[in-house]
Amino acid sequence: MKIGATRRLARFALDLSPRQIPPEAIDRAKDCILDTIAVTLYGSTKPWSRIVIELVQDARMSGHSTVLGEGWKAHPGQATLANGVMAHAFELDNVRQPGAGVHPGATAFLPALAIAEERNADGRTLLGAFVAGCEVMSRIGVAAGNSLERRGFHAPGLTGTFGSAVAAGRLLGLNERQMVHAMGIAGSYSGGLLEFSRSQDGAMVKRLHLGKAAEGGVTAALLASRGFAGPESVLEGKFGFCRTFSDSPKLSRLTHRLGQDFETLNICIKRCACHINAHAPIEALLRLRDKIGFAPEDVQEIVVGGIEKLVTHHAIYHPKDVMAAQYSIPFSIALSLYSDPTDPGSFDDNRLQDKKVLAMMRKVRLKIDPEIEKKGWDRAARVTVTVGKRQRHSDLVVHFKGTPQNPLGRSGVEDKARKLTRAILSEARLERLIDAVRHLETIEDLSSFGDLMRSE
């Protein structure tokens, strides 16, 4: 009898040994973990995060899971909801590259952390669970393809439930049958609509999608551990995840070179507090400025070429709040000529009324670039700037800083963590946290690890 893709992935997630994970994948996982903790702590200060934190605190059930930045613990599902929202609170959390609608830290590591603390697991077990969740979730995103967001779904709100369920299920000690059920249940928690990118109000809901997905996966794993069942063909079935949500699913990608090619190596660390599709345009623009030496007032036009999604999803010229502005490529491009885009403080409400930024936005035009589309460079960008007397200068960025092909590196990830947490953690505590992440597999008691994530 042929084993279905859902069962194969469940078996792989349970059987994956830390010894089978390449050292470079372990290093990338640790970069992702440190980055996730830092962006979550930073996100804990935002008003939309505070709403969710206060909701969790008011309805808190007993538990041992850390709510980052807080001095109290919660039930793992509640902690994961709050932490997932915080991680995605300001467009700073890590993703997969090439794009597959996957946010590994928010929807695989944070659920793993919550269950690891609840079960008193050690650091080595936590690390293995995170990698397992990342491997499965990323393959699901690749198999579903790019049509998820073309159809109007916010992809990480869909894929994230599976990464969370797998990471949590492994830490709960589920057997193969239970893990299949956990994934089957997780499929029914998948959801999230992109209408926030077109709304006049309500873009805040985007932040909820990742917290909801992470919480849903944890709940699915907990239900499966108690005997609750879900469909065993939730991924590949006629009415399963891939065929239902995707226009053109590639089911073979679910298990392609499983255990040979490690998806964890495809984690991308963001530098700027804006949508990942704005990163290549920003880098190309700033490279041109450094090369040519133009001033903002010299700019006549900026043309950004990329894939179709650039035009259909990110051509937002009248953002009503910061969240919509971070999703807008014209805004992110214009802002970058007046402020440091790697400083999240640059993205604030005042910029929405900045006359210089608003005027520059009107000079930005987005278009489909045939070469980028043909070669499948999904987050690449070709920027052409017209300055002075119709002088045009172009630059193409395929692998922007932070991608697997052009990584930030250990020092870059640590510098980002320092920048984001300097008002939240003391320098001494942050350095202890960095050291703890770098030696995560040696930590036997995760309670001390969680204590490092409290604000001071």
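How do the residues of the lining of the largest pocket divide into nonpolar, polar and charged? They divide into 13 nonpolar, 14 polar and 13 charged, where Ala, Val, Leu, Ile, Met, Phe, Trp, Tyr, Cys and Pro count as nonpolar, Asp, Glu, Lys and Arg as charged, and the others, Gly among them, as polar. This is a predicted model, in which local features need pLDDT of at least 70, side-chain atom pairs count only at pLDDT 80 or more, and totals for chains, interfaces and linings use all residues. Residues are numbered from 1 along each chain as its sequence is written, and side-chain values use heavy atoms, with hydrogens and water left out.

The largest pocket holds about 850 Å³ of space, and of its 40 lining residues G99, A100, N146, I307 and D378 lie nearest its centre. A pocket here is an open set of points on a 1 Å grid over the protein atoms alone, where a 1.4 Å probe fits, with protein on both sides within 12 Å along at least five of seven lines, and lining residues have an atom within 4 Å of a point. The volume is the space filled by probe spheres set on the points, which are joined across faces, edges and corners. At least two lining residues come from each of β3 (95-96), α6 (123-144), α7 (147-150), α8 (155-171) and α13 (308-314), and the largest share, 4 residues, comes from α7. Helices (H or I, at least four residues) and strands (E, at least two) are DSSP runs, numbered from the N terminus.

Helix α6 also meets helix α2 (residues 23-43), the two axes coming within 11 Å and crossing at roughly 95°; axes are lines fitted to C-alpha atoms over the stretch in contact, with angles from 0 to 180 degrees between N-to-C directions. The two helices α2 and α6 are therefore roughly perpendicular, a term for angles of 65 to 115 degrees. I26, A29, K30, C32 and I33 of α2 touch L127, F130 and V131 of α6, contact meaning heavy atoms within 4.5 Å.

In the loop between β3 and α5 (104-118) is P98, which a cis peptide bond joins to Q97, with omega about 5°.

Conventions
Angles under 35 degrees count as roughly parallel, over 145 as roughly antiparallel, 65 to 115 as roughly perpendicular and the rest as oblique.
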